[in-house]
Each structure stands twice: as C-alpha cells, then as structure tokens.
Amino acid sequence: MAEDPIEIPLKVGVIVRPAEAAATDSMEGFARILQGQGYHIRGLVQRNSPSPTSCACTMTLVDLENGEEFRISQDLGSGSTCCRVDTRAVAEATSVLRRAMAGETDLLIVNKFGKLEAQGRGMIDEMLAAVSCGIPLLTSVEAPLLEYWRELTGGLAQELSPGCGALMRWWDTVRPRGVPRSSRLLRPAQTAEA
C-alpha cells in the first residue's frame with residue numbers, strides 16, 4: 001500500500017499587493033521590530049524616492065543588517081519604454097542574501113518577487129536556496145505576478161496582507177522556538193551580577 005506523501009509546509013510568507021502599491025514600509029518596519037526582539041533578520045528592503053531628473057522614482061535596495069544601499073534603477077530618459085531596473089545592481093545586491101544564508105538568520109526578507117524573478121532571474125536563486133535550507137522567507141508580489149508565484153511555490157506559501165498584525169501572526173508560525181533571543185541576550189548579564 002502506498003503511503004500518502006508527507007506535505008512539509010513552506011516557511012514562506014508573501015505579501016500580496018495591488019500593482020504599484022508599496023509593501024516595503026511594512027516589511028522594513030516588521031523587520032526592525034523583530035530585530036529589536038533579538039532575532040537575526042537579514043535581507044533587502046526597497047526604498048523608493050522621488051527622482052529629481054524624471055517622473056519615475058529612484059529605487060534603492062537596503063541591506064537590513066548594515067544599511068548598505070544598492071541603487072537598482074536607471075535613468076533611461078523620459079521617452080524610454082524599457083525596464084528601468086539595473087540588473088547588474090540587482091546581481092550585486094544578491095550578495096547580501098548569500099551572506100545572510102551563510103550566517104545565523106532567523107528570517108530572510110527579499111523586497112519582492114518581481115518581473116525578473118518571474119523570468120527566472122533577479123533574486124530567485126537566492127530565494128529558492130533559502131527555502132531549501134529551511135530559512136523562513138518573507139517577500140512580496142504584485143497581484144499581476146501572483147499566478148507565477150503560485151506556480152513556483154506550488155501554492156504552498158502563505159499569502160499575507162501588508163499589515164503588521166498579519167505579519168506577526170505568520171511569524172509566530174515560522175519563528176525559531178524556545179527561549180526568545182531577547183531573553184537569551186539578557187541571561188549572561190544576569191548571571192554575571194549574581
């Protein structure tokens with residue numbers, strides 16, 4: 001008799017957002033809360049700022065661990081219809097994700113599953129590597145790319161709203177168990193005083 005296959009839940013959360021909506025603010029704020037609790041939260045968030053030379057924004061990826069910035073948008077001029085993403089800068093930024101996987105990481109945050117990732121490029125290799133290593137992954141996806149994301153994950157990733165409450169509920173299902181890191185950080189000081 002054949003056994004039923006064992007379904008191992010993915011430790012993957014994805015914020016589903018309408019096209020052009022920002023989820024990065026909630027991702028960065030969520031990361032900072034968890035870092036304040038002593039968790040090792042690593043990865044990249046995206047910050048967009050107005051561009052002084054064009055109507056499109058300047059897109060920058062920021063390393064959550066040390067604040068290093070990677071400008072990933074190119075100014076192609078007002079008449080351009082090409083993608084503004086600088087793929088070389090994205091490739092350079094993936095070093096942050098590889099470094100995070102090599103160290104102690106409780107959660108890896110990747111700003112988004114975008115057009116590059118849907119094409120098998122961008123940060124997809126690092127995202128899949130993290131999942132295969134069992135590192136919880138949080139990312140976002142715009143609604144138009146949701147079907148590509150579902151196909152990639154087999155529909156097993158948890159789809160989330162961008163609010164902090166939804167993110168905290170998801171985190172509670174994937175976070176490391178045992179004594180919270182913040183408590184572990186306090187123990188040596190308490191022992192030294194005793």
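Trainee: Which residues of α2 are buried?
Mentor: In α2, Ala-89, Val-90, Ala-93, Thr-94, Val-96, Leu-97, Ala-100 and Met-101 are buried. Buried means under 20% relative accessible area, exposed over 50%, and partly exposed in between, with a 1.4 Å probe and protein chains only. Helices (H or I, at least four residues) and strands (E, at least two) are DSSP runs, numbered from the N terminus.

Trainee: What arc do they cover around the axis?
Mentor: An arc of only 150°, which puts them on the same side of α2. The arc is that of the directions from the helix axis to the C-beta atoms. On the face turned away from the buried side, α2 carries the exposed residues Arg-88 and Ala-102.

Trainee: Before I go on, what kind of model is this?
Mentor: It's a predicted model, where local features need pLDDT of at least 70 and side-chain atom pairs count only at pLDDT 80 or more, while totals for chains, interfaces and linings use all residues. Residues are numbered from 1 along each chain as its sequence is written, and side-chain values use heavy atoms, leaving out hydrogens and water.

Trainee: OK, back to α2. What do its buried residues pack against?
Mentor: They pack against β2 (41–49), β3, β4 (69–71), β5, α3 (115–118) and α4. Contact here means heavy atoms within 4.5 Å.

Trainee: And what caps the N-terminal end of α2?
Mentor: Asp-86 does, with a side-chain oxygen 3.0 Å from the backbone nitrogen of Arg-88. A polar contact is a pair of N or O atoms within 3.5 Å; within protein, one must be able to donate a hydrogen and the other to accept it, and residues adjacent in sequence count only if both atoms are side-chain atoms.

Trainee: Switching to the largest nonpolar core: which members touch the most others?
Mentor: Leu-44, Leu-108, Met-123, Met-127 and Trp-149, out of 29 residues. Such a core is a set of buried Ala, Val, Leu, Ile, Met, Phe, Trp, Tyr and Cys residues joined through side-chain atoms within 4.5 Å.

Trainee: Which element gives the most to this core?
Mentor: α2 again, with seven residues. Apart from this core lies another, of 18 residues, including Val-45 and Leu-160.

Trainee: What does Leu-44 touch?
Mentor: Not counting residues up to four places away in sequence, its partners include Leu-61, Phe-70, Ala-93, Leu-97, Ile-109 and Met-123.

Trainee: How many aromatic pairs are there?
Mentor: Two. Rings of Phe, Tyr and Trp (its six-membered ring) pair if their centres lie within 6.5 Å; planes under 30 degrees apart count as stacked, over 60 as edge-to-face and the rest as tilted. Tyr-39 and Trp-171 form an edge-to-face pair, at 5.1 Å centre to centre and 85° between the planes. That pair links distant parts of the chain, 132 residues apart: Tyr-39 sits in the loop between α1 (24–36) and β2, and Trp-171 in helix α6 (residues 164–174). Tyr-39 and Trp-171 are buried.

Trainee: Why does the pair of Phe-113 and Trp-149 count as edge-to-face?
Mentor: Their ring planes are at 70°, with centres 5.2 Å apart, so the pair is edge-to-face. Phe-113 lies in the loop between β5 and α3, Trp-149 in helix α5.

Trainee: Last one: where is Ser-73?
Mentor: In the loop between β4 and α2. Ser-73 is buried, at 5% relative accessible area. A polar atom of the Ser-73 side chain lies 2.9 Å from the backbone nitrogen of Met-59.
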